[in-house]
Amino acid sequence: MSKTSSDVEDSSLHAQLVRRAQAGDQAAMGELFERFNAMVIAIIVTRVPRLSDAEELSQDVFVKMLSSLSQLRDPEAFPGWLKRIAQRRALNFVRRRATLNDPDEAMAAALDHEVTPLVLAIQSERRRSVR
């Protein structure tokens with residue numbers, strides 16, 4: 001898949017915003033949030049179905065992003081880097097929730113990096129039908 005000129009312009013603008021944010025520019029940080037918050041929430045809701053939880057996790061993702069932004073070496077890699085942070089936060093949320101609800105679900109979540117709410121529901125249903 002090749003990049004269009006619009007993709008290249010967006011990538012260049014995002015990299016510019018990242019460099020400014022790394023230098024402490026508050027406006028650039030806000031702009032990154034505005035541009036990427038919808039993407040982050042979309043990633044999170046694939047694992048965390050409640051919108052209120054997803055919005056809270058989104059804030060956590062951006063707090064993590066801001067605290068780790070200085071470690072990002074390639075500003076053009078920002079979208080993928082942020083996506084990975086969102087995926088990890090959502091997975092950790094599912095794992096914590098599973099630990100609170102059922103130790104078997106917690107183990108499954110710890111072993112399976114692709115745990116989704118659907119997988120957890122199926123596992124729970126299986127246990128109920130066996131009992």
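In this predicted model, the residues lining the second largest pocket divide into four charged, three polar and two nonpolar. The lining consists of K64, S68, Q71, W81, R84, I85, R88, R89 and N92, and the volume of this pocket is about 160 Å³. Two helices, α3 (51-68) and α4 (78-101), each supply at least two residues of the lining. The largest share, six residues, comes from α4.

Helix α3 also packs against helix α2 (residues 26-45), with the two axes coming within 9 Å and crossing at roughly 135°. Angles over 145 degrees count as roughly antiparallel and those from 65 to 115 as roughly perpendicular; α2 and α3 are therefore oblique to each other. The crossing in which α2 passes α3 is right-handed. On the α2 side, the contact is made by M29, L32, F33, F36, N37, V40, I41, I44 and V45. On the α3 side, L51, A54, E55, L57, S58, V61, F62 and L66 take part. By class, the contact of α2 with α3 comprises 14 nonpolar, two polar and one charged residues. In the lining of the second largest pocket, by comparison, two residues are nonpolar and four are charged.

Terms used: Residues are numbered from 1 along each chain as its sequence is written. This is a predicted model: local features need pLDDT of at least 70, side-chain atom pairs count only at pLDDT 80 or more; totals for chains, interfaces and linings use all residues. Side-chain values use heavy atoms; hydrogens and water are left out. On a 1 Å grid over the protein atoms alone, a cavity is a set of points where a 1.4 Å probe fits but cannot get out, and a pocket is an open set with protein on both sides within 12 Å along at least five of seven lines; lining residues have an atom within 4 Å of a point. Grid points are joined across faces, edges and corners, and a volume is the space filled by probe spheres set on the points. Helices (H or I, at least four residues) and strands (E, at least two) are DSSP runs, numbered from the N terminus. Ala, Val, Leu, Ile, Met, Phe, Trp, Tyr, Cys and Pro count as nonpolar, Asp, Glu, Lys and Arg as charged, and the others, Gly among them, as polar. Axes are lines fitted to C-alpha atoms, for helices over the stretch in contact, and angles run from 0 to 180 degrees between N-to-C directions. Angles under 35 degrees count as roughly parallel, over 145 as roughly antiparallel, 65 to 115 as roughly perpendicular and the rest as oblique. A crossing is left-handed if the near helix is turned anticlockwise from the far one by less than a right angle, and right-handed if clockwise. Contact means heavy atoms within 4.5 Å.
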